[in-house]
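Please keep the sequence and the coordinates at hand while reading.

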Amino acid sequence: MTHKLSPMVLRVATWNVNSVTARTERLTGWLGTAKPDVLCLQELKTTDNAFPAEQIAELGYQAATWGTGRWNGVAILSRHDITDVQRGWPNLPDYEGVSEPRALTATCGGVRVTSVYVPNGRELGHAHFDYKLAWLDSLTASVAEPARADLPYAVLGDFNIAPTDADVWDMSLFTESTHVTPQERAKLADLAGAGLTEVLPRALKYDKPYTYWDYRQLAFPKNNGMRIDLVFGNAAFAGKVTDAYVDREERKGKGASDHAPVVVDLDL
DNA sequence: ATGGCCTGATCTTCAGGA
């Protein structure tokens, strides 16, 4: 009689919390109910010292953070030991001379993950849009090695790009806008070309798995959303996915982030 | 029901978000 080890089930998620300070209660609540093993966070909007590490630790989570203050900021939370933490990568582009905290990589729970907050781009023709494209080029260069590795690896986060027209509630409103241009979408194709496959989430309600709804104009009740929080995994990661979904329930109610978490379940 | 912006700092006004 053979003895078979039970498979390692792992839940990995990503969530743009739009200020971890304003969202601490929401975050701890979601950790308690969704119970992710690994959670990538974006838009901390605070410093490493002010990150609510104690509240996170009470729930059994370690945290690696890279936050410098008012804008940006990324983190990786894990119920397993976090090792090999890397802030950004070599040749990470600056914006106006500042190296912004938009990417953090770490190994935990048998997977390696990069939490990314891709620059917004602001407007077509803006210097920030060029920064966004250059930043994505540097991301693609950085994943070349882990994309080919045997260790499951994924880039998760707020890409500020809707991969297809179907990922926007009304494309007629985006004729001269960032987030939907061929240039931006080509960068996602480059990421796929480097060996990372997109993990597509299912929707918990309606037909579109949107991840972001503006706070204004009743966007959420009307489901005027966008799918801009994405997951790209290498073969060792993508091949082990058993389910993926957008937790739109977390977008409901008072004190919600304008983004919903994306959850990926793996059977390693 | 899920309900007409939110957050943090430059702090009563603004930049940035997307």
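In which loop is the place of Ala162? Ala162 sits in the loop between β8 and α4; helices (H or I, at least four residues) and strands (E, at least two) are DSSP runs numbered from the N terminus. This is a predicted model, in which local features need pLDDT of at least 70 and side-chain atom pairs count only at pLDDT 80 or more, while totals for chains, interfaces and linings use all residues. Residues are numbered from 1 along each chain as its sequence is written, and chains are lettered from A and ligands numbered from 1 in the order in which they are written.

**Overall architecture**

- Chain A contains five helices and 14 strands.
- Its radius of gyration, taken over C-alpha atoms, is 18 Å, close to the 18 Å that the globule rule gives for 268 residues, so chain A is as compact as a globular protein of that length. The globule rule is 2.2 Å times the number of residues to the power 0.38.
- Along the principal axes, the C-alpha atoms of chain A fill a box of roughly 65 × 40 × 40 Å.
- Of the 268 residues of chain A, 44% count as buried. A residue is buried if 20 or more other C-beta atoms lie within 10 Å of its own, exposed if 12 or fewer, and partly exposed in between, with C-beta atoms placed from the backbone.
- Among the contacts in chain A with a separation of 6 or more, 70% are between residues 24 or more positions apart. Two residues are in contact if their C-beta atoms, placed from the backbone, lie within 7 Å.

**The six-stranded sheet**

- An open sheet of mixed pairing is formed by six strands in the order β5-β6-β7-β8-β12-β9; two strands pair if DSSP finds at least two bridges between them.
- β5 (83-87) and β9 (197-198) stand at the edges with a single partner strand each, so one side of each lacks a neighbour in the sheet.
- β9 pairs with strand β12 (residues 229-233) in the antiparallel sense over two bridges, and Glu198 stands opposite Phe232 in β12.
- Strand β6 (residues 103-108) runs antiparallel to β7 and is joined to it by six bridges, with Cys108 opposite Val111 in β7.
- Two residues separate β6 and β7 in a hairpin, and Gly109 in the turn has a positive phi of about 65 degrees.
- β7 and β8 are parallel and pair over six bridges; Tyr117 stands opposite Asp158 in β8.
- In strand β7 (residues 111-117), seven of its seven residues are buried. One side carries Val111, Val113, Ser115 and Tyr117, and the other carries Arg112, Thr114 and Val116.

**Buried interior**

- The largest nonpolar core has 68 residues, of which Val12, Leu41, Ala75, Ile76, Val111, Val113 and Ala154 touch the most other members. A nonpolar core is a set of buried Ala, Val, Leu, Ile, Met, Phe, Trp, Tyr and Cys residues joined through C-beta atoms within 7 Å.
- Beyond four places away in sequence, Leu41 touches Trp15, Val17, Val20, Val74, Ala75, Leu77 and Ser115.
- Strand β3 (residues 62-66) has four of its five residues buried. Five bridges join β3 in antiparallel fashion to strand β4 (residues 74-78), where Ala75 is the bridge partner of Thr65.
- Pro146, in helix α3, is buried, with 23 other C-beta atoms within 10 Å.

**Loop positions**

- Ala162 is buried, with 28 C-beta neighbours inside 10 Å. The residues that Ala162 touches beyond four places away in sequence include His179, Met226 and Ile228.
- His179, in the loop between β8 (153-158) and α4 (182-193), has a positive phi of about 80 degrees although it is not a glycine.
- Lys35, in the loop between α1 (24-34) and β2 (38-42), has a positive phi of about 50 degrees and is likewise not a glycine.
- Most residues other than glycine have a negative phi.

**Surface near DNA strand B**

- There are 26 residues around DNA strand B, and Ser19, Thr21, Arg216, Pro221 and Lys252 come nearest. A residue is near a strand if its C-beta atom, placed from the backbone, lies within 6 Å of it.
- The residues of this surface divide into eight nonpolar, eleven polar and seven charged. Ala, Val, Leu, Ile, Met, Phe, Trp, Tyr, Cys and Pro count as nonpolar, Asp, Glu, Lys and Arg as charged, and the others, Gly among them, as polar.
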